[in-house]
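Please look through the structure below before reading on. The report that follows describes how some of its side chains pack and pair.

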Amino acid sequence: MPLGMYALRMVDDADSAEDIVQEVFMKAWLAIEGGAEISNFKAYVYRSVYNECVRVLRHKDETVELSSIPDVSEETVDTSERDARIWRAIEELPERCREVFLLSKRDGLSNEEIAEEMNISIKTVKNQMTKAFSRLRDALSDGHKPFFLPFL
């Protein structure tokens, strides 16, 4: 999933990002099966995803500038891994709680709009949001320090 988040940042299309990561893993598997030795697999797949994203973007638009595509950096990898952890934790929320949370944070709806859309009370929306934040904090903390949800 971190590689998917990384690819998504570059190509801005979830289906293309998924295809790119799948293609990279297929090529890596074939390379290893063919006798290639990959000393740093993580660096190898991130660079491969970057190269494949560049290929896909250039195929869509031959005038795309390489400088507009973020390069593989430690910060980019860390951010992709952090985002993947956050999305995994969100996916593990109970269904109703996840739906309320995403309507609020992803879609930007107010508590009143969520209540109306889901046909629940505003108090229930607030309770579900409290529950979501509590579970996310627990799932994402390292047990000793609070986890900050940077984009929420």
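The sections below take up the model itself, then its cores, rings, charged pairs and one serine.

## About the model

This is a predicted model, in which local features need pLDDT of at least 70 and side-chain atom pairs count only at pLDDT 80 or more, while totals for chains, interfaces and linings use all residues. Residues are numbered from 1 along each chain as its sequence is written, and side-chain values use heavy atoms, with hydrogens and water left out.

## Nonpolar cores

A nonpolar core is a set of buried Ala, Val, Leu, Ile, Met, Phe, Trp, Tyr and Cys residues joined through side-chain atoms within 4.5 Å. Buried means under 20% relative accessible area, exposed means over 50%, and partly exposed lies in between, with a 1.4 Å probe and protein chains only. In soluble globular proteins, nonpolar side chains tend to be buried together.

The largest nonpolar core has 18 residues, and those touching the most other members are Val100, Phe101, Val125 and Leu136. Two or more residues of this core come from each of helix H4 (74-91), helix H5 (95-105), helix H6 (111-118) and helix H7 (122-140); helices are DSSP runs (H or I, at least four residues), numbered from the N terminus. Another core, of 17 residues, lies apart from it and includes Val24, Val45, Cys53 and Leu57.

Leaving aside residues up to four places away in sequence, Val125 touches Val100, Asn111, Ile114, Ala115 and Ile120, where contact means heavy atoms within 4.5 Å.

## Aromatic rings

The structure holds four aromatic pairs. Rings of Phe, Tyr and Trp (its six-membered ring) pair if their centres lie within 6.5 Å, and planes under 30 degrees apart count as stacked, over 60 as edge-to-face and the rest as tilted. Phe101 and Phe133 form an edge-to-face pair, with 5.7 Å from centre to centre and 80° between the planes. Because Phe101 lies in helix H5 and Phe133 in helix H7, this pair ties together parts that are 32 residues apart in sequence. Phe101 counts as buried at 1% relative accessibility, whereas Phe133 counts as partly exposed at 26%. Elsewhere, ring pairs link Phe25, Phe41 and Tyr44 into a cluster.

## A network of charged side chains

Side chains of opposite charge can pair when their charged atoms come close. A salt bridge is a side-chain nitrogen of Lys or Arg within 4 Å of a carboxyl oxygen of Asp or Glu, and a search of the whole structure finds four of them.

Glu23, Lys27, Glu52 and Arg55 are linked in a network of salt bridges. Glu23 bridges to Lys27, with the closest N and O atoms 3.8 Å apart; being four residues apart in helix H2, Glu23 and Lys27 are separated by about one helical turn. Glu52 also forms a salt bridge with Lys27, at 3.5 Å between the closest N and O atoms, and since Glu52 lies in helix H3 and Lys27 in helix H2, the pair ties together parts that are 25 residues apart in sequence. Arg55 forms a salt bridge with Glu52, the closest N and O atoms being 2.6 Å apart. Glu52 is buried, with a relative accessible area of 9%, while Arg55 counts as partly exposed at 48% relative accessibility.

## Ser16 in helix H2

Ser16 is placed in helix H2 (residues 14-33) and counts as buried at 15% relative accessibility. Not counting residues up to four places away in sequence, Ser16 touches Val11 and Lys60.
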